[in-house]
Amino acid sequence: MAPLPISSIRVGQIDDVQELIKSKPNKVPERFIREEYERGVVVSSLKTQHLHHQIPVIDLSKLSKPHNDDFFFEILKLSQACEDWGFFQVINHGIEVEVVEDVEKVAKEFFDMPLEEKKKYPMEPGTVQGYGQAFIFSEDQKLDWCNMFALGVHPPQIRNPKLWPSKPARFSESLEGYSKEIRELCKRLLKYIAISLGLKEERFEEMFGEAVQAVRMNYYPPCSSPDLVLGLSPHSDGSALTILQQSKNSCVGLQILKDNTWVPVKPLPNALVINIGDTIEVLSNGKYKSVEHRAVTNREKERLTIVTFYAPNYEVKIEPMSELVDDETNPCKYRSYNHGDYSYHYVSNKLQGKKSLDFAKILN
Ligand code: OGA
Ligand code: NI
């Protein structure tokens, strides 16, 4: 979420999806309708049932007492999850259900406010903070069936205080409390990820400096023709780690690309979905994967997600960690770059699968 210069990008008419369905509940404007090839193959529902069980679930309570059998077994599971899926769910993560439900409540209240109120916090074209649609750079680009509200959270310099809403009254307080806990969880997860890579526990934290944390709330209204649209275009995340919270009783909406097939991620009660972002893929020299994912919509039900992106400080130099590179057996796959430059590159291009990471790839 690096700041972008004020630009004069022409993005054309961007309809607010919640307003659209209020006025014309059964119409999907042309600009939201995707080509057949973009919709992709989804695993059949029978297979889905089976595959759901394969998305690893990591029990963090087993990692709180180091160096017993449970601990090593869970670390092994984590390592396989990061290599094979790039995604896992965590249970027993220690974040109080009240904190989670509270932020969901204020987020929902925010999206439910009249458009005029939300427009006080606009996401200007070419920027990624505020209310609106991000990653739109041209007049003919297709739109996602989603309203977004994104904010830089930490360190304080990345905040744009004008975009922190005064309504709902408890919004800032609630997001602040939630973000603190999520930040601690990210630090914990990075320790376990370091251990799973055979690195010393503090390796990421020492390297990241004052880590950058941003949040995006995605609100997906129901769509009368869910097969024609996408809630969120396919992409990988530019972060190190992403923590995705799906609101209580949320329907399935997140899909991840595995073996060229879109696999739905079924929300588990009180779990958080974690995924490896591009930065860990590079640092681990490709051992851990930043996997392409997208969101789809539902005919009847709305869906709300609260997504935290956790990344190194913009000043930090990123390159595969020397411990994980070997000229003979595991040559370096990515060049070195400044994280701020990557962030800028990421947010100044449209979401397009894993294309952003070409920025760092060493092509042979
Ligand atoms: C994201 C994301 C998925 C979802 O915000 O980067 O992948 O289900 N969201 O909202
Ligand atoms: Ni994402």
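This is a predicted model: local features need pLDDT of at least 70, side-chain atom pairs count only at pLDDT 80 or more; totals for chains, interfaces and linings use all residues.
Let's start with the eight-stranded sheet. Its strands line up in the order S1-S2-S10-S7-S12-S5-S4-S3, the sheet is open, and the pairing is mixed. Strands in a sheet are held to each other through backbone hydrogen bonds, and they can pair either parallel or antiparallel. At the edges stand strand S1 (57–59) and strand S3 (130–132); each has a single partner strand, so one side of each is left without a neighbour in the sheet. On average, and ignoring direction, neighbouring strands here are turned by 25 degrees against each other.

Helix H5 (residues 97–112) packs on it, touching S3, S4, strand S5 (212–220), strand S7 (241–246) and strand S12 (303–311). The direction of H5 makes about 115 degrees with that of S12. Helix H7 (residues 171–196) lies across strand S2 (87–91), S4, S5, S7, strand S10 (272–276) and S12. Relative to S7, helix H7 runs at about 130 degrees.

The other sheet has four strands, in the order S6-S11-S8-S9; this one is open too, and its pairing is antiparallel. Here the edges belong to S6 and strand S9 (261–264), and since each has a single partner strand, one side of each is left without a neighbour in the sheet. Neighbouring strands are again turned by 25 degrees against each other on average, direction ignored.

Going through this sheet pair by pair, S6 and S11 are antiparallel and joined by two bridges, with Leu 232 opposite Ala 295 in S11. Next, strand S8 (residues 254–258) pairs with S11 over three bridges, in the antiparallel sense. S8 also pairs with S9, antiparallel as well, over four bridges. Ile 256 shows up in both of these pairings: its bridge partner in S11 is His 293, while in S9 its partner is Val 263. S8 and S9 make a hairpin with two residues between them, and in the turn Asp 259 has a positive phi of about 50 degrees.

His 293 leads on to the metal. The nickel ion (ligand 2) is coordinated by His 235 (NE2), Asp 237 (OD) and His 293 (NE2), at 2.1 to 2.2 Å. Along the chain, these donors follow the spacing H-x1-D-x55-H.

In the side chain of Tyr 220, an N or O atom is 2.6 Å from an oxygen atom of ligand 1. His 235 has a polar side-chain atom 3.0 Å from an oxygen atom of ligand 1. Taken alone, ligand 1 exposes 290 Å², and the protein buries 99% of that.

Methods: Residues are numbered from 1 along each chain as its sequence is written. Chains are lettered from A and ligands numbered from 1 in the order in which they are written. Side-chain values use heavy atoms; hydrogens and water are left out. Two strands pair if DSSP finds at least two bridges between them. Axes are lines fitted to C-alpha atoms, for helices over the stretch in contact, and angles run from 0 to 180 degrees between N-to-C directions. Contact means heavy atoms within 4.5 Å. A polar contact is a pair of N or O atoms within 3.5 Å; within protein, one must be able to donate a hydrogen and the other to accept it, and residues adjacent in sequence count only if both atoms are side-chain atoms. Accessible areas come from the Shrake-Rupley method with a 1.4 Å probe; for residues, only the protein chains shown count as cover. Donors are N, O and S atoms within 2.8 Å of the metal (3.2 Å for Na, K and Ca); water is not among the atoms, so sites may look incomplete.
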